[in-house]
Amino acid sequence: VIAPATGIINGDYQKISGNFVAPTTGVYVVGIKGYMNFSPWYITLDDISIDVAPSCLEPATISVSGASNTSFTATWTAAPVAPAGGYDVYYSTSNTPPTATTTPNANTSALTYTVNGLAPDTVYYVWVRSHCSATEQSAWTGYAMALTGYCTPTGGASSTTYYLSEISTTGGISNLTYSASSYNAYDNQSATVFSGAAGTTVNTALKASGGTNYFFIWVDWNNNLNFNDTGETVLATTQYTATATGDIVIPPGQAPGNYRVRMGLSYISAIIPCGPAPWGNYVDFTLQVTGTAGTSEIANTKDAIKVYPNPFQEVLNISDVKDVKTITITDISGRLLKTINKPTTELHLGELKTGLYLVTLNYKDGSSKTIKAVKK
């Protein structure tokens, strides 16, 4: 075996290679075996070559694991001869392969490298090569692909007629109102936040664009970037209906924070959180959980709270912070950027980059209120 069986990612050319040493002088037959799993039904081979290998050989394989919202870890098989200069690592949001003159992002003597500081919900591609000397490097091995964040479900392969047209919640500290008038296989509305206190229930109503359907709600309660754990399937109907309701019961001990909620619809058969939904679609939101339910007095105060100006440049003003214990600033992925203890009515946020932020007022009774603010 020159190169082990390797899964091909549909849509792009990928390089499969290996090294061998002929035991004696003679004529040898090299065979290539490929097989399909019917999705798709074909495979294309091109640019087949057998060359004398350089003294600097590339790693055989590369893979990724442990992806989070901002990082992933690349791991590769050691080159047949350990390179004196270690391994170069290159990653990009483009699947265009690096060339011999491409500047790597990192160099390491290990067989693994963790890439940090990445953008959430983004596909990254990573390659590795042997760095044998200042003047000699191997060819690049790769790519391996990583997604920072949640899987992007697919839909619409059979129909784009059926989708979630209306979603609303009641019973939360802040509630959700969503509508759609056209099909979108995956509508990432994770910047849209609704909230509820630990130990309470948020009632959810879902409506289809047409016909009768199956409805689904999932919540990633442990923030491990999937919806596969016990208790994370909140709603999965088994009868066809035009509308459905589901209760998001927030566990009493649920830690305060942001949690991804995924809702789905299927006109034909059940679906899973990562898809596909060939006759349906998916919509994501963010549920913010507070420590406890607030008192009516503070609830009335929260309803009257205003922030201004919005968008802001340097200073964001809060109309009333009398009962506020702390204020936290997070980005739309839920990453905590700043905590302000004993806040005043003026928040100095000039260090933030341009973008959308969630400003959460944490009250003395354990409840909270989240406001979206835009930094110019």
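How many salt bridges does a search of the whole structure find? The search finds seven. The model is predicted. The views below take up some of these pairs, along with strands, rings and a surface patch.

**View 1. Asp284 and Arg262 meet in a salt bridge.** The N to O distance is 2.7 Å. Asp284 lies in strand S16 and Arg262 in strand S15, so the pair ties together parts that are 22 residues apart in sequence. Both residues are buried. Asp284 is also the bridge partner of Arg262 in the pairing with S16. Side chains of opposite charge can pair when their charged atoms come close.

**View 2. Strand S16 is mostly covered.** Eleven of its eleven residues are buried. Gly280, Tyr282, Asp284, Thr286, Gln288 and Thr290 point one way. Asn281, Val283, Phe285, Leu287 and Val289 point the other way. S15 pairs with S16 in the antiparallel sense, over ten bridges. Strand S10 (residues 186-197) pairs with S16 in the parallel sense, over eight bridges. Gly196 stands opposite Val289 of S16.

**View 3. Tyr178 and Phe285 form an edge-to-face pair.** Their ring centres are 5.5 Å apart. Their planes stand at 80°, and a pair counts as edge-to-face when the angle is over 60 degrees. Tyr178 sits in strand S9 (residues 177-179) and Phe285 in strand S16 (residues 280-290), 107 residues apart. Tyr178 has 9% relative accessibility, so Tyr178 counts as buried. Phe285 is at 0% and counts as buried. The whole structure holds 15 aromatic pairs.

**View 4. Trp221 and Tyr259 form a tilted aromatic pair.** The centres are 5.9 Å apart, with 55° between the planes. Trp221 lies in the loop between strand S12 (214-219) and strand S13 (233-236), and Tyr259 in strand S15 (residues 257-266), so the pair ties together parts that are 38 residues apart in sequence. Both Trp221 and Tyr259 are buried.

**View 5. Five aromatic residues form one cluster.** The members are Tyr90, Tyr125, Trp127, Trp140 and Tyr143.

**View 6. Lys207 forms a salt bridge with Glu166.** The closest N and O atoms are 3.9 Å apart. Lys207 lies in strand S11 (residues 201-208) and Glu166 in strand S8 (residues 164-170), so the pair ties together parts that are 41 residues apart in sequence. Lys207 is partly exposed, at 37% relative accessible area. Glu166 is partly exposed too, at 40%.

**View 7. Lys338 forms a salt bridge with Glu351.** Here the closest N and O atoms are 3.0 Å apart. Lys338 is in strand S20 (residues 336-341). Glu351 is in the loop between strand S21 (346-348) and strand S22 (355-363). The two residues are 13 apart in the chain. Lys338 counts as partly exposed, at 24% relative accessibility.

**View 8. Strands S1, S2 and S5 make an open sheet.** The order is S1-S2-S5, with antiparallel pairing. Strand S1 (62-65) and strand S5 (112-115) stand at the edges, each with a single partner strand, so one side of each is left without a neighbour in the sheet. The twist averages 25° from one strand to the next. Four bridges join S1 to S2 (residues 72-76). Ser65 stands opposite Thr73 in S2.

**View 9. Seven residues make a nonpolar surface patch.** They are Ile8, Ile16, Ile32, Met36, Ile43, Leu45 and Ile48. The patch covers about 660 Å². Met36 is found in the segment before S1. Met36 counts as partly exposed, at 32% relative accessibility.

Methods. Residues are numbered from 1 along each chain as its sequence is written. This is a predicted model: local features need pLDDT of at least 70, side-chain atom pairs count only at pLDDT 80 or more; totals for chains, interfaces and linings use all residues. Side-chain values use heavy atoms; hydrogens and water are left out. Two strands pair if DSSP finds at least two bridges between them. Axes are lines fitted to C-alpha atoms, for helices over the stretch in contact, and angles run from 0 to 180 degrees between N-to-C directions. Rings of Phe, Tyr and Trp (its six-membered ring) pair if their centres lie within 6.5 Å; planes under 30 degrees apart count as stacked, over 60 as edge-to-face and the rest as tilted. Buried means under 20% relative accessible area, exposed over 50%, partly exposed in between (1.4 Å probe, protein chains only). Patches are made of residues with over 30% relative accessible area and no salt bridge: like charges are joined within 9 Å, nonpolar side chains (Val, Leu, Ile, Met, Phe, Trp, Tyr) within 5 Å. Accessible areas come from the Shrake-Rupley method with a 1.4 Å probe; for residues, only the protein chains shown count as cover. A salt bridge is a side-chain nitrogen of Lys or Arg within 4 Å of a carboxyl oxygen of Asp or Glu.
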